[in-house]
Amino acid sequence: MNSIYNFSAGPAMIPKDVLCKAQKELKNWNNLRCSIMEISHRTQEFYQVVTEAEKDLRDLLNIPDNYRILFCQGGARGQFSAVPMNLIRNFSGADYINSGYWSNCAFVESKKYCNPKSISIKKTKNNKTYLLKPSEWNISDISAYIHYCPNETIDGLSVYEEPNFHNKIVIGDFSSFILSRSINIENYGLIYASSQKNIGPSGITIIIIRQDLIGYASKLCPSVFDYNTLYKYNSMFNTPPTFAWYLSGLIFKWLKKKGGIKKIAQLNKEKSDLLYEVIDNSKFYINNINKENRSEMNVVFHLLNSELDKIFLEESKKNGLYALKGHLIVGGIRASIYNAMPLKGVKKLAKFMLFFEKKYG
Ligand SMILES: *Cc1c(COP(=O)(O)O)cnc(C)c1O
């Protein structure tokens, strides 16, 4: 079987080494003569898995001791509700920085729980889209928190400068950004990420929260979304998605083995530079985003002649380059190149793009 490169935006590719390890121990995990999927989350053996997963994530992201890691279900969209239910407290509203599709979804959902303010930071200058820097955000004097999304998975837009506001709680939807580069956790009150982009399989949501922000859930907040309940029960108030948790743990170990976040971040820059270089050197492929706001995770572009989109997708697939179709709402092409995508895969795509341009340009 010829191997392919999978550019899916999510659920996305998982490193081969990790899949092989999971396969090897699928039917006989830890010599228990059964699968990890078939044992109780209350066993000592499973407890060991989650303890290591938490420790490895802590090491990778350099998470300070006064931050807790919670593992939850319901995806990032679940957190669109959980965040206001837990953190609105007796404020009437919160600031929602609007940079694209997902940050707007978070804003819309929060309206069920508070009176949020949407602050648009997406601008256009000389035909280029760019995002305002945190220091230019028009934030309210009084608000429960500031919510933003550092990587807009669909729009291919990123905010790289970390928001650092005095006495303000910053909350980030890090679903397609987490573990792609180093961050200073202390800039945030809470960050969350669903697992199927830059971590592993779908089904588990990671929440990193400053300890003092736990314990303020509104009365109607479901217990499974109450950060205090999750914390008190070690993220096992209800049965957790054990396989996704285990696989995420394997991915954390893989990342450590690869040299940690610094190393991965260099590689991510190298990978995305390759594709943007091809785009910028052509009049055939278009990406109208300001260099400083281009996503390293989701490289979004379109063909000058949109009738060629379909042919590009067909031919790329024949060449073993899968799932390059842009999201329905923006069209065009999207290459999601999360941590698991090897440099080789990106090089192959860059080469294909040059070949395709020669053929049809
Ligand atoms: C994919 C994605 C979501 C939605 O995640 P679900 O797990 O499907 O709820 C939210 N925000 C961002 C930035 C995403 O990339």
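Modeller: This is a predicted model. Start with a side-chain pair: Arg42 makes a polar contact with His41, side chain to side chain, at 3.4 Å. Arg42 sits in the loop between helix H1 (16-24) and helix H2 (44-61). Its relative accessibility is 54%, and the cut-off for exposed is over 50%, so Arg42 counts as exposed. Setting aside neighbours within four places in sequence, Arg42 is in contact with Met236 and Phe237. The UniProt entry, which is unreviewed, lists Arg42 under "binding site".

Now the sheet. Seven strands form an open sheet with mixed pairing. Their order is S2-S12-S11-S10-S7-S3-S4. Strand S2 (67-72) and strand S4 (117-120) are the edges, and each pairs on one side only. On average, neighbouring strands of this sheet are turned by 20° against each other, direction ignored.

Strand S3 (residues 95-98) and strand S7 (residues 146-148) run parallel, joined over two bridges. In this pair, Asp95 stands opposite Ile146 of S7.

Helices come next. Helix H4 (residues 101-110) packs on the sheet and touches S3, S4, S7 and S10. The direction of H4 makes about 150° with that of S3. Helix H3 (residues 75-87) lies across S2, S3, strand S10 (170-173), strand S11 (190-194) and strand S12 (205-210). H3 runs at about 155° to S11.

Conventions: Residues numbered from 1 in each chain as written. Predicted model: local features only at pLDDT ≥ 70, side-chain atom pairs only at ≥ 80, totals over all residues. Heavy atoms only, no water. Pairing = 2+ DSSP bridges. Helix = DSSP H or I, 4+ residues; strand = E, 2+ residues; numbered from the N terminus. Axes fitted to C-alpha atoms, helices over the stretch in contact; angles between N-to-C directions. Contact = heavy atoms within 4.5 Å. UniProt positions renumbered as here; feature names shortened; annotations may be inferred. Buried < 20%, exposed > 50% of the residue type's maximum accessible area, 1.4 Å probe, protein only. Polar contact = N/O pair within 3.5 Å; in protein donor to acceptor, adjacent residues only side chain to side chain.
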